[in-house]
2 protein chains.
Amino acid sequence: MTNLESLFLTPDNMAIDTDLYQLTMAAAYFESGINYPATFELFVRKLPYNRSFLVAAGLEQALHYLLNIRFTEEAITYLRSQSPFQKISDAFFDYLRRFRFTGSVHAMPEGTVFFPDEPLLRITAPIIEAQIVETYLLTIVNYQTLIATKAARVIHAAQGRAVVDFGTRRAHGPQAGVLAARASFIGGCVGTSNVLAGYKLGIPIVGTAAHSFTMTFDTEMESFEKYYQAFPDHTILLIDTYDTIEGARRATRIGHKLRGVRLDSGDLVSLSKQVRQILDAAGLTEVKIVASGDLNEYKIADLLAQGAPIDLFGVGTELVTSRDDPALAGVYKLVEQEKDGVVSFKLKLSSEKVTYPGKKQVYRRTDEDGNYLEDIICRESECRGKGALIVKVVENGELCYDLPNMKEIQARASQNLSHLSDNYKRIENADQYPVRKSSKLEALRESVEDKLSRD
Amino acid sequence: MTNLESLFLTPDNMAIDTDLYQLTMAAAYFESGINYPATFELFVRKLPYNRSFLVAAGLEQALHYLLNIRFTEEAITYLRSQSPFQKISDAFFDYLRRFRFTGSVHAMPEGTVFFPDEPLLRITAPIIEAQIVETYLLTIVNYQTLIATKAARVIHAAQGRAVVDFGTRRAHGPQAGVLAARASFIGGCVGTSNVLAGYKLGIPIVGTAAHSFTMTFDTEMESFEKYYQAFPDHTILLIDTYDTIEGARRATRIGHKLRGVRLDSGDLVSLSKQVRQILDAAGLTEVKIVASGDLNEYKIADLLAQGAPIDLFGVGTELVTSRDDPALAGVYKLVEQEKDGVVSFKLKLSSEKVTYPGKKQVYRRTDEDGNYLEDIICRESECRGKGALIVKVVENGELCYDLPNMKEIQARASQNLSHLSDNYKRIENADQYPVRKSSKLEALRESVEDKLSRD
């Protein structure tokens with residue numbers, strides 16, 4: 001039989017799920033005898049469209065990668081066969097064979113609210129190690145942070161109504177669906193339709209039925225009855241397959257054990273009001289109305305502003321693709337190196353993409369109630385302890401951090417967001433939260449710039 | 001040590017990378033004694049923004065899934081523990097334990113150019129099987145088709161210049177990076193930076209170096225020399241770390257073995273022209289200019305219109321997220337069922353989301369040179385053989401199709417696109433390619449609608 005390719009990642013092949021240039025740079029460093037300690041920081045250059053804050057997510061998967069990265073013999077054989085590597089020494093491939101991440105990692109815990117230019121993750125390791133891990137760290141952190149942030153916006157718009165992730169079918173591939181479920185939960189969703197996310201992460205799983213189920217039976221009522229017989233305590237009926245109002249009337253015949261009805265098309269304001277009346281008139285005041293169908297934070301805000309009596313929103317495509325801005329501008333930049341015990345600070349001067357040198361910390365000033373006043377990006381040596389957002393999570397290649405569970409991560413995000421004033425959380429035209437660089441960090445940058453200009 | 005969760009898919013857990021409702025519907029069907037043959041079709045409701053055609057991709061991974069889907073004991077135990085399933089019989093879980101896909105699959109071969117409403121994939125199987133596979137099929141086919149289509153647009157804009165996928169770091173997670181590399185190659189990219197895609201699929205891999213590499217050395221020239229020493233026959237130098245023009249002058253010192261220089265920031269029109277002059281003045285007329293930095297089809301068309309002498313485009317974020325429209329509206333709809341030998345045709349009436357009943361074929365009319373004139377979506381029985389786009393790929397759960405390799409798939413896309421007139425391929429304001437339904441299909445829809453209205 002033909003060997004069908006799944007394109008699944010495994011612990012054995014994730015090391016080469018990277019840009020080729022990480023490995024050519026690694027080889028060039030190796031052949032040049034360069035592998036002294038270097039520090040890279042991962043930060044977001046600018047906020048996506050309409051976003052006013054970010055929610056950190058993806059650290060656990062980043063740590064899984066760092067602590068398990070290996071190059072297999074097959075991967076090494078493949079690399080050696082590629083023409084660029086023809087003149088690279090055997091010693092480099094021996095190095096890859098023994099490759100382990102031996103460095104240290106500092107990071108903001110998942111669920112932390114943060115802002116552009118603030119380091120989310122910092123890697124200090126021999127430069128070949130620190131360089132090789134760039135691409136994978138970016139892809140795992142960029143995506144989950146993008147989605148946790150989008151979810152937090154949707155939750156904010158929903159004003160206390162429950163929101164569930166329904167997006168797997170439109171996620172960017174099968175793994176993205178699971179990652180999106182995780183990140184959406186961090187951002188405040190109460191559950192997901194993705195069963196694997198439930199199984200792996202303990203996230204509550206939620207589901208109703210599809211139009212095809214209704215269409216399979218001779219009548220809509222028969223489909224309702226069959227679903228109810230199978231799930232007498234968990235029946236949420238999809239009522240818009242033929243005629244939503246008729247569907248609602250039929251649904252009331254299930255009686256008081258009906259949990260909810262779902263609307264997936266049409267004018268949700270008008271339909272939800274009519275359906276609520278039908279349910280209430282039948283004495284089913286406790287039956288919930290679930291709405292879905294290309295919803296996002298803007299539409300949810302609009303539905304609620306118009307008084308739509310919707311209790312739970314299922315949000316799919318718009319959430320898991322972060323549709324109004326589907327990419328996070330996370331970057332991973334060299335900030336310092338240590339050669340023969342001497343630290344040299346690094347920055348990039350060219351054009352619009354200037355960076356700040358040196359290891360950094362972020363200090364968050366709060367008022368006496370814990371509400372956020374401003375963030376100060378400072379040199380690492382300036383700030384430790386209370387108010388410091390970045391903590392050590394890996395030392396010498398070993399985890400030194402108690403991993404929070406999903407509920408704890410979600411609680412951190414929720415608690416962080418509760419301390420961020422509403423004017424910084426509006427889904428459009430939010431104020432810009434104040435973030436400044438410390439005078440010592442600015443001074444360092446100036447001195448490094450001066451030195452580069454003199455050279 | 002803490003068990004870090006990778007959220008990787010495996011053949012063992014992919015069955016539950018699905019929406020919960022697929023499994024609740026499965027249970028409700030099972031408990032109702034319903035499992036007669038049903039046919040679902042996967043099609044795209046409407047074109048993404050500015051798109052005028054679609055390029056089919058993802059079938060191989062879809063087939064891997066269908067032919068390998070299994071429910072493990074652990075997954076079954078998890079499901080049984082979930083509250084909705086409390087009253088579901090043991091027999092259903094036994095059914096899941098033995099679950100295999102036993103149906104047949106018809107599909108458009110990967111690389112086929114197609115249009116909205118045309119079935120890309122058709123599943124005929126006992127309805128529980130056909131229903132359970134919906135979510136996963138959608139996520140795998142939606143994403144790759146989205147990216148193959150985006151890539152084809154970028155290739156069209158590049159007017160014969162080479163385009164390479166550089167997008168892994170901004171893809172929606174680690175697997176999306178590999179899927180994007182595959183789909184981009186189908187759409188016409190000459191290679192990818194993703195090493196795993198090269199290893200798994202034989203796609204050419206391409207890489208240069210990052211700014212951090214330049215910054216590591218005391219001088220830019222030293223970084224150029226060290227890279228050249230490691231890769232004497234494959235040196236492409238990134239020249240914009242400090243000052244692009246100075247970088248270009250320094251790069252010329254490498255001499256005739258230099259392969260290319262890369263620009264990643266600034267005004268690419270002006271810079272590429274100046275850099276071309278510097279290279280040419282040094283006699284390096286054969287040295288290529290590579291450009292990258294948030295490029296897309298619109299920017300590439302603009303660069304070329306302004307005469308930028310760029311030979312190869314590295315396209316990342318915009319390609320792998322399909323940034324201007326990051327979701328494909330692929331849906332999977334029940335079109336017919338067979339009960340006791342009697343076929344009943346299915347469609348959904350409610351609101352804007354109307355569907356066509358019955359198994360379909362797509363017939364493409366061409367002129368004598370093979371150029372595409374129009375597509376006709378017809379009933380399956382109306383059209384077989386030449387001009388029919390949909391072929392059988394799986395029968396009774398067994399593959400009955402010679403899988404093409406990546407080059408063959410890419411060639412099909414390229415050949416298909418060459419037969420699609422330029423007016424249908426413009427990156428903005430393209431004409432709408434004519435697609436119509438056959439009179440027999442329209443007649444079937446009317447008769448089913450009539451019957452539903454009478455019921």
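This is a predicted model: local features need pLDDT of at least 70, side-chain atom pairs count only at pLDDT 80 or more; totals for chains, interfaces and linings use all residues.
Chain A is brought onto chain B by a rotation of 180° with 0.0 Å of shift along the axis, at an RMSD of 0.0 Å. This is therefore the relation of a two-fold axis. Both copies use the same surface, with 100% of the contact residues of chain A recurring in chain B. In the interface, 108 residues of chain A are in contact with 109 residues of chain B. On the side of chain A that touches chain B, helix H1 (residues 20-31) of chain A gives the most, contributing eight residues. By class, that side of chain A comprises 51 nonpolar, 38 polar and 19 charged residues.

Chain B contains an open sheet of six strands, in which pairing is parallel and the order is S7-S6-S11-S10-S9-S8. Strand S7 (191-192) and strand S8 (236-238) of chain B form the edges, each pairing on one side only. Within the sheet, strand S9 (residues 260-263) of chain B runs parallel to strand S10 (residues 288-291) of chain B, and four bridges join the two. Gly260(B) has Lys288(B) as its bridge partner in S10(B).

Helix packing was examined for one pair in each chain. In chain A, helix H11 (residues 244-252) packs against helix H12 (residues 268-281) at an angle of about 25°, and the axes are 9 Å apart. Because angles under 35 degrees count as roughly parallel, H11(A) is roughly parallel to H12(A). The crossing of these helices, H11(A) and H12(A), is right-handed. On the H11(A) side the residues involved are Thr244(A), Ile245(A), Ala248(A), Arg249(A) and Thr252(A), which meet Leu271(A), Gln274(A), Val275(A), Ile278(A) and Leu279(A) of H12(A). Six nonpolar, three polar and one charged residues make up this contact of H11(A) with H12(A).

In chain B, helix H2 (residues 59-68) and helix H6 (residues 134-157) cross at roughly 160°, their axes coming within 8 Å. Since angles over 145 degrees count as roughly antiparallel, H2(B) is roughly antiparallel to H6(B). H2(B) passes H6(B) in a right-handed crossing. Gln61(B), Ala62(B) and Tyr65(B) of H2(B) make the contact with Tyr136(B), Leu137(B), Ile140(B) and Val141(B) of H6(B). The contact of H2(B) with H6(B) has six nonpolar residues, one polar residue and no charged residues.

Methods
Residues are numbered from 1 along each chain as its sequence is written. Chains are lettered from A and ligands numbered from 1 in the order in which they are written. Axes are lines fitted to C-alpha atoms, for helices over the stretch in contact, and angles run from 0 to 180 degrees between N-to-C directions. Angles under 35 degrees count as roughly parallel, over 145 as roughly antiparallel, 65 to 115 as roughly perpendicular and the rest as oblique. A crossing is left-handed if the near helix is turned anticlockwise from the far one by less than a right angle, and right-handed if clockwise. Two residues are in contact if their C-beta atoms, placed from the backbone, lie within 7 Å. Ala, Val, Leu, Ile, Met, Phe, Trp, Tyr, Cys and Pro count as nonpolar, Asp, Glu, Lys and Arg as charged, and the others, Gly among them, as polar. Two strands pair if DSSP finds at least two bridges between them. Copies are superposed by least squares on the C-alpha atoms of residues with pLDDT of at least 70 in both.
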